[in-house]
Amino acid sequence: MNTAKVASKVAEDGSAENGAPPTPWILELDGDGGMRVLDAVPGPGERTLWIHLGPDEASDAILAGFTDLPDGVVQALTAMIVRARAHEVESGILINLHGINLNPGSEPEDLVTLRVFVRDEVVLSRSRFGIKSVREVHAALAAGKGPCDTGGLIASLANRLFRRLGALVDEIDDEVDEIEQRMLDPDSDDPETEELFSVRLRCLGLRRHLLPQREAVRSLLKDPPEWLDGRPLALFRESSEVLLHALEDLAESQQHASLVQEAVENRARIGLDRKAYLMSLLASIFLPLTLISGMLGMNVGGIPLGDQPNGFVWITGALGIFGLLFLLLFKRWKWL
């Protein structure tokens, strides 16, 4: 990278939302879990340099100072939407990782992307939105309990991102379980199928973004770079297992939601069929009675009991007995 010093206008253009340090920041890891805050990009050194950029003008100014960055790296760091990946670019490695969105007014499944380019001992990262995992690594460094080198920094970021993804998947599965419990409760109304359909869409969207991330992690582990070894490599492997389990749980949650939705629809269908069956039985009772009462109501001569004072009572009683006989027959035939 170009080692010419680039002034960083941190205070005015950065955002300290939610207590986060303003971007951009330039940190030099002291190799002991701590850091030293710098005002400008220094020359080459033996210690890891972490430059984190945001969407502000100060970050754009710092990025413009790295005149030797490959065009593909600049595009990846500035693009609105990027796919999760990890591949070598000239003498460095470009890594794009997705994490859940914990910013106010956003849904967690509206994933945010952390773009990272690693070359030599310089880690250049950028995010268009605030990422809590990035802020936590910064806080750990400020407390002297952070990563010590490049591999530790990348592994720490990945570990925090992936663990939050796993927690989100657990919440989705709990949501499906809650819907299922409501469905099994005989005293409650059936849950809306739109709620389950929404869960399935969320699972589908997350899997679409996380499957490429799994492949990116696998490619890094298949041929680890020199800076990813020892404890950082072990932490990165552990993080990859967390991601893998999250994807497996996500697939199970999606299947679980599908099964619950089918059960909800079957339960609603059975209820409708039951009501239609009862209406059919009632119709089979009242249709003959309606026919008889209609014939007795015709304005012609010869109507039975038409000249009797108690004719209405006799006819009503006969129809009632007739209907009762139908009910008894239905009970005997176990139609009711």
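Leu38 counts as buried because its relative accessibility is 12%; buried means under 20% relative accessible area, exposed over 50% and partly exposed in between, with a 1.4 Å probe and protein chains only. The model is predicted, so local features need pLDDT of at least 70 and side-chain atom pairs pLDDT 80 or more, while totals for chains, interfaces and linings use all residues. Residues are numbered from 1 along each chain as its sequence is written, and side-chain values use heavy atoms, without hydrogens and water.

Leu38 belongs to strand β2. Strands (E, at least two residues) and helices (H or I, at least four) are DSSP runs numbered from the N terminus. Apart from neighbours within four places in sequence, Leu38 is in contact with Ile26, Glu28 and Leu49, where contact means heavy atoms within 4.5 Å. Between Leu38 and Trp25 there are 7.8 Å, C-alpha to C-alpha, and the two are 13 residues apart in sequence.

A search of the whole structure for aromatic pairs finds one. Trp25 and Trp50 form this edge-to-face pair, with 5.4 Å from centre to centre and 85° between the planes. Rings of Phe, Tyr and Trp (its six-membered ring) pair if their centres lie within 6.5 Å; planes under 30 degrees apart are stacked, over 60 edge-to-face and the rest tilted. Because Trp25 lies in strand β1 (residues 25-29) and Trp50 in strand β3 (residues 49-53), the pair ties together parts 25 residues apart in sequence. Trp25 is buried at 6% relative accessibility, and Trp50 is buried at 0%.

The strands named so far belong to an open, mixed sheet of seven strands, ordered β2-β1-β3-β7-β6-β5-β4. Two strands pair if DSSP finds at least two bridges between them. At the edges stand β2 (35-38) and β4 (85-89), each with a single partner strand, so one side of each has no neighbour in the sheet. From one strand to the next the twist averages 20°.

Within the sheet, β5 (residues 92-99) and β6 (residues 112-119) pair in the antiparallel sense over seven bridges. Asn96 stands opposite Arg115 in β6. Across β4 and β5 lies helix α6 (residues 193-222), which runs at about 145° to β5. Axes are lines fitted to C-alpha atoms, for helices over the stretch in contact, and angles run from 0 to 180 degrees between N-to-C directions.
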